[in-house]
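Thank you for sending this one over for comment. My notes follow as numbered points, to be read with the structure open.

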Amino acid sequence: MKRYSRITGTGSYLPPRRVTNADLVAELAARGIETSDEWIVERTGIAARHFAGDGVFSSDLGLEAAKRALQAAGRKPRDIDLIIVATSTPDMVFPSTACILQNKLGANGGAAFDVQAVCSGFVYALTIADAMIRTGGASRALVIGAEVFSRILDFNDRTTCVLFGDGAGAVVLEASATPGILASDLHADGKHVDILCVPGHVSGGAVMGNPLLKMDGPAVFKLAVGVLEDAARATLVKAQLTEADIDWMIPHQANIRIMQSTAKRLKLSMNKVVVTVDQHGNTSAASIPLALDVAVRSGKVNRGETLLLEGVGGGFTWGAVLLNL
Ligand code: UT7
């Protein structure tokens, strides 16, 4: 019998501190940085984001999302034999956030590792988990995107600090006799390392270079729209489906204008696009599973529907996963 993988539960978690554009505009004004609610809403679609409190790490946010996904799937931590955490804001240099989270969850013993593909991290992690399940390397996986991007923001740079937020999303992915994940398509082009990066590193016990996020926004924007269309079409070809078969597109939540452009190129109505960027900002690897869980729990997205998940981000990385929920 052919072996596939299928999502059996979703979960998400946002830290309680909600920061509206008005809150952020006031905080930045106190630093002498000028921005406005109008600019942020018009250029990005973001109205609010959540920031984690001091001492709260990606593993803590991911843990709450994982617990909710397990509950939705009707599974216990001991049922899990693989944990993949997609994050660019790990708790430590090492060990992996996945190992830390595994221990907090009490799911010790299975494989656990992090994936670093920035905002494409979740589609990378889901693709890896799917491959491991299909080839018998795992049977029940937790695939998690968790970030505390507020820790790496430069609050003196208005072109980036208004864009990002903290949060986590998770899915339980299980071996199945019927297909859940239908196709995926991953890419990277390392020549664009400099357009979105945190260039600092640790050496001799000190941080060397700039440890804060820097981005050439317009360059990222331009690349993102083209590659998201390509990745979507590639998954449709692999799964022998067409745009008309997509019930929902759940793209990386970076900017409403990127989502609108991608939808237009794929001839998808915005009514078929799940949008949470307004309330979450850009939560990097957490944004897709967060949006998926919000859509599932609100009753918008339902079992049996065909979903296109799409990520794009630093690296430059991009990819898509087409699945039947
Ligand atoms: O998650 C990984 C993927 N990341 C992304 O997908 C991000 C992609 N990029 C973007 O979403 C957009 O490029 C941004 C939202 C980052 C910027 O929007 P834009 O329409 O490309 O604006 P811009 O960078 O071309 O800046 C336009 C103007 C500039 O002023 P001048 O030079 O025209 O006078 C900026 O200085 O807006 C100014 N500006 C701001 N003004 C008020 C930039 N940031 C702000 C701000 N408040 N926060």
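1. Glu174 is buried, at a relative accessible area of 6%, where buried means under 20% relative accessible area, exposed over 50% and partly exposed in between, with a 1.4 Å probe and protein chains only. The side chain of Glu174 meets that of Arg75 in a salt bridge of 2.9 Å, N to O, a salt bridge being a side-chain nitrogen of Lys or Arg within 4 Å of a carboxyl oxygen of Asp or Glu. Because Glu174 lies in strand E7 (residues 166-176) and Arg75 in the loop between H3 and E4, the pair ties together parts that are 99 residues apart in sequence. Helices (H or I, at least four residues) and strands (E, at least two) are DSSP runs numbered from the N terminus. Arg75, for its part, counts as partly exposed at 27% relative accessibility.

2. On the basis of these values: this is a predicted model, in which local features need pLDDT of at least 70 and side-chain atom pairs count only at pLDDT 80 or more, while totals for chains, interfaces and linings use all residues. Residues are numbered from 1 along each chain as its sequence is written, and side-chain values use heavy atoms, with hydrogens and water left out.

3. In helix H3 (residues 58-73), Glu64 and Lys67 lie 3 residues apart, about one turn of the helix, and their side chains meet in a salt bridge of 3.7 Å, N to O; Glu64 is partly exposed at 25%, and Lys67 is partly exposed at 41%. In helix H10, Asp293 and Arg297 are 4 residues apart, again about one turn, and the closest N and O atoms of their salt bridge are 2.7 Å apart. Asp293 counts as buried, at 2% relative accessibility. Glu229, Arg233, Glu243 and Arg265 are linked in a network of salt bridges.

4. Which residues have side chains in polar contact with the side chain of Glu147? Thr89 is one of them, at 2.6 Å, and Ser284 is another, at 3.1 Å; a polar contact is a pair of N or O atoms within 3.5 Å, where within protein one must be able to donate a hydrogen and the other to accept it, and residues adjacent in sequence count only if both atoms are side-chain atoms. Thr89 is placed in the loop between strand E4 (82-86) and helix H4 (97-105) and is buried at 6%. Ser284 belongs to the loop between helix H9 (277-280) and helix H10 (287-297) and is buried at 1%.

5. Beyond four places in sequence, Thr89 is in contact (heavy atoms within 4.5 Å) with Ser58, Ala146, Glu147, Val148, Phe149 and Ile152. With neighbours up to four places away likewise set aside, Ser284 touches Val118, Cys119, Glu147, Phe149 and His252.

6. An open sheet of 4 strands runs in the order E8-E15-E14-E13, with mixed pairing, two strands being paired if DSSP finds at least two bridges between them. Strand E8 (181-188) and strand E13 (248-251) stand at the edges with a single partner strand each, so one side of each is left without a neighbour in the sheet. E8 pairs with strand E15 (residues 317-324) in the antiparallel sense over 7 bridges, and Trp318 in E15 is the bridge partner of His187.
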